[in-house]
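Biologist: I'd like to learn how to read a protein fold from its coordinates. Could you walk me through one, feature by feature?

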Amino acid sequence: MNLVMIGTGYVGLTTGVGFASLGNNVACVDTNAEKISQLDLGKVPFFEPGVQDALSRVQEQGKIVFTTDLESVIGGADIVMLAVGTPSTRTGEANLSYLFSAAEGVGKHLDHEVVIVTKSTVPVGTNRQVLAAVKKGLIEAGREELTSLINIVSLPEFLREGTAFEDFHNPDRIVIGADDEIAAQTVASLHDGLEAPIVMTSLESAELIKYASNALLATKISFINEIANLAERVGADVRDVAKGVGLDRRIGPHFLKAGVGYGGSCFPKDVSALAQLGGAKGYSFKLLSTVIEVNNRQREIFFKKIIDELGGVKGRRIAVWGLAFKPDTDDIRESAGVDIAQRLSAYGADLAVYDPQAMDNTRHVLSDHVDFTATAMDAARGAEALIVLTEWPEFRDVSFATLSEIMVGQHIFDGRNHFADMDLHKKGFKYQGVGLGNCAS
Ligand SMILES: NC(=O)c1ccc[n+]([C@@H]2O[C@H](COP(=O)([O-])OP(=O)(O)OC[C@H]3O[C@@H](n4cnc5c(N)ncnc54)[C@H](O)[C@@H]3O)[C@@H](O)[C@H]2O)c1
């Protein structure tokens, strides 16, 4: 099948490469010329395990091309898929301007029947507006007769950054929302070669499935963080509580890891967009407002813990390990690591930061005075305290004896409980995690 993918970000590129590796012919389009020229040279412009190798393979097979010129590739398309960003506006709604502009652009260049697919995460009702935007483009281009031949399908994406390529090949489910059964089947056959249950549904249900999934995962995280805060007060260990709760098959073990809260490009904006959608429809989604509030408060509680314990940070060298919003990505959107680093910097800390992948992205968002070090140990050298904000596996491999020698103070504040099982207090550190009660502090 011939697929045109619009947007070559984490989702567009990963799924574009994925569909090419299933044997489809894929043309990826982006307005960012620099990204496209890098991709043309076979270079993935972000860090996502597996994508670089897979790109080289499909490029060699001639299954994928990259361009900024939509018109040059839309001619033979069976499917045009929109995977542009839908970031939050200042008031928390999804910003759909990139999506509508891309959709209108598609309409202006279309000259044949095609299925339009929305892969971006969008509020309920958006797919119908996308279809209207494509039709508007067609009318403006003088091809009104084509408007009845264009169908829209909602195909929400559930991949996780860090395991995105693996997730593409092993999805839990494929959700296809459409009015038109043939269009839905066309999109289903694009996935030939993948084994996963397909949920065929309406446009509105597909749109809501995506938001409901992310909101429920975020709710689990905020819930376990509330339990963690309580655990600290009653001397319980939230890791054991989460294990005991998660073994209940009705609940499951996932997303019950206490810490400094969720971040990333999806949960914050999607939870907020769902709450906004409720408001716009006259329904106050009370649970979600609290999930958001608990998540924001979790960062404040963690930050206060640092300030209270150290008695302030002004002029003191503090090391931060981890800036990406989670391991195995260089994505820092809504990252707790960046947020805490910014707060420390604003409080006058002499900050040294290290992340295995996210340094380049972070340079633009942290103050010039921050020391970006070449290794984790370089950041820790001379520090009074170490703050751990992303659970990169390599952080567990450091020599804690050496760490203890090179640090001036012995405080470790672990926002991910990454070292909670390592008895660091016995190694002389003043170790604090999240929700560990009296057990590991
Ligand atoms: N990142 C994730 O983990 C994830 C997971 C599931 C769903 N999603 C959703 O997928 C969508 C894309 O997310 P992302 O993280 O890949 O975003 P991203 O910001 O990494 O990439 C978006 C890309 O779209 C391009 N673009 C914008 N307007 C364009 C246009 N008119 N024509 C062509 N290209 C255009 C941008 O230049 C950019 O390269 C969002 O709606 C997001 O919510 C993301």
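This is a predicted model: local features need pLDDT of at least 70, side-chain atom pairs count only at pLDDT 80 or more; totals for chains, interfaces and linings use all residues.

Biologist: How many helices and strands does the chain have?

Modeller: Helices (H or I, at least four residues) and strands (E, at least two) are DSSP runs, numbered from the N terminus. The chain has 16 helices and 14 strands. Its radius of gyration is 24 Å, close to the 22 Å of the globule rule for 441 residues, so the chain is as compact as a globular protein of that length. The radius is taken over C-alpha atoms, and the rule is 2.2 Å times the number of residues to the power 0.38. Along the principal axes, the C-alpha atoms fill a box of roughly 75 × 45 × 40 Å.

Biologist: What share of the residues is buried?

Modeller: A residue is buried if 20 or more other C-beta atoms lie within 10 Å of its own, exposed if 12 or fewer, and partly exposed in between, with C-beta atoms placed from the backbone. Here 49% of the 441 residues are buried. For a contrast, take Arg-233 in helix α9 (residues 203–234): Arg-233 is exposed because there are 9 other C-beta atoms within 10 Å.

Biologist: Now the sheet: in which order do the six strands lie?

Modeller: In general, strands of a sheet pair through backbone hydrogen bonds, either parallel or antiparallel. Two strands count as paired if DSSP finds at least two bridges between them. In this chain, six strands form an open, parallel sheet in the order β11-β10-β9-β12-β13-β14. At the edges are β11 (371–372) and β14 (430–432), each pairing on one side only.

Biologist: Which residues stand opposite each other?

Modeller: Strand β9 (residues 317–321) joins β12 through four bridges, and Ile-318 faces Ala-385 in β12. On β10 (residues 350–354), which pairs with β9 over five bridges, Leu-351 is the bridge partner of Ile-318 and Ala-352 that of Ala-319. Ala-352 also stands opposite Asp-371 in β11.

Biologist: How is strand β12 covered on its faces?

Modeller: In a regular strand the side chains alternate between the two faces of the sheet. In β12 (residues 385–388), Ala-385 and Ile-387 on one side and Leu-386 and Val-388 on the other are all buried. Strand β10 is mostly covered, with four of its five residues buried.

Biologist: Which helix links β12 to β13, and with which hand?

Modeller: A crossover is right-handed if, with the strands pointing away from the viewer, the path from the first strand over the helix to the second runs clockwise. Four bridges join β12 to β13 (residues 411–414), and the chain crosses between them through helix α16 (residues 400–406) in a right-handed β-α-β crossover. Another right-handed β-α-β unit is made by β9, helix α13 (residues 336–346) and β10.

Biologist: Finally, which residues are closest to the ligand?

Modeller: A residue is near a molecule if its C-beta atom, placed from the backbone, lies within 6 Å of it. The ligand is surrounded by 27 residues, the closest being Gly-7, Gly-9, Val-11, Ser-120 and Thr-121. Helices α1 (10–21) and α5 (97–109) each give two or more residues to this shell, and α5 gives the largest share, four.

Methods. Residues are numbered from 1 along each chain as its sequence is written.
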